[in-house]
Amino acid sequence: MSALATTQGRVFASVVGEDNTFAALDDLSEGGALSADQRLEIYSEMYFLRMRDSLHEDTPHVAKLVDPHEFEHLVVGYMKDAPSTHYSLARFGHLWPKFL
């Protein structure tokens, strides 16, 4: 595995919460206005929000039936039970009905 692929894997694991040690920080250079951990936190938050929005867009009736906070809890549970394994968001919700 190349150094780039290793770094990408470590950053992805940190972003999706598989690696809470933020080991990927060692691979990120410092610089700019934000630290490496701040940048990873932004990506992690963005990742969750995009997954949540994707499920909301794909299943608007489910989102309307539950409280917004409950919907977020459902998304977190779904992301843990059925993490994304494909780069396309179109496939992310394929197990959502079964999860519910």
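Select helix H2 (residues 36-58) and helix H4 (residues 68-81) in this predicted model. Their axes come within 10 Å and cross at roughly 110°, and H2 and H4 are therefore roughly perpendicular to each other. Axes here are lines fitted to C-alpha atoms, for helices over the stretch in contact, with angles running from 0 to 180 degrees between N-to-C directions. Angles of 65 to 115 degrees count as roughly perpendicular, under 35 as roughly parallel, over 145 as roughly antiparallel and the rest as oblique. Helices (H or I, at least four residues) and strands (E, at least two) are DSSP runs, numbered from the N terminus.

Show the side chains at this crossing next. H2 contributes Tyr 47, Phe 48, Met 51, Arg 52, Leu 55 and His 56 to the contact, while H4 contributes Phe 71, Glu 72, Val 75, Val 76, Tyr 78 and Met 79. Contact means heavy atoms within 4.5 Å. By class, the residues of the contact of H2 with H4 are nine nonpolar, one polar and two charged. Ala, Val, Leu, Ile, Met, Phe, Trp, Tyr, Cys and Pro count as nonpolar, Asp, Glu, Lys and Arg as charged, and the others, Gly among them, as polar.

On the conventions, residues are numbered from 1 along each chain as its sequence is written, and side-chain values use heavy atoms, with hydrogens and water left out. Because this is a predicted model, local features need pLDDT of at least 70 and side-chain atom pairs count only at pLDDT 80 or more, whereas totals for chains, interfaces and linings use all residues.

Centre the view on Met 51, in helix H2. Is Met 51 buried or exposed? Met 51 is buried, at a relative accessible area of 5%. Buried means under 20% relative accessible area, exposed over 50% and partly exposed in between, with a 1.4 Å probe and protein chains only. Apart from neighbours within four places in sequence, Met 51 is in contact with Met 79, Leu 89 and Phe 92.

Leaving out residues up to four places away in sequence, Arg 52 touches Phe 71, Glu 72 and Val 75. The C-alpha atoms of Arg 52 and Val 75 are 6.1 Å apart, and the two residues are 23 apart in sequence.

Now select the loop between H4 and H5, where Ser 84 is placed. Ser 84 is buried, with 19% relative accessible area, and is in contact with Tyr 47 and Phe 92 when neighbours within four places in sequence are set aside. Leu 95 lies in the loop between H4 and helix H5 (96-99). At 35% relative accessibility, Leu 95 counts as partly exposed. Beyond residues up to four places away in sequence, Leu 95 touches Tyr 78 and Ala 82.

The largest pocket holds about 320 Å³ of space. A pocket, on a 1 Å grid over the protein atoms alone, is an open set of points where a 1.4 Å probe fits, with protein on both sides within 12 Å along at least five of seven lines; lining residues have an atom within 4 Å of a point. Of the 14 lining residues, Val 15, Val 16, Gly 17, Tyr 47 and Met 79 are the closest to the centre of the largest pocket. Helix H1 (3-15), H2 and H4 each supply at least two lining residues, and H2 gives the most, with four.

Zoom out to finish. The chain has five helices and zero strands. Of its 100 residues, 26% count as buried.

Note on methods
Grid points are joined across faces, edges and corners, and a volume is the space filled by probe spheres set on the points.
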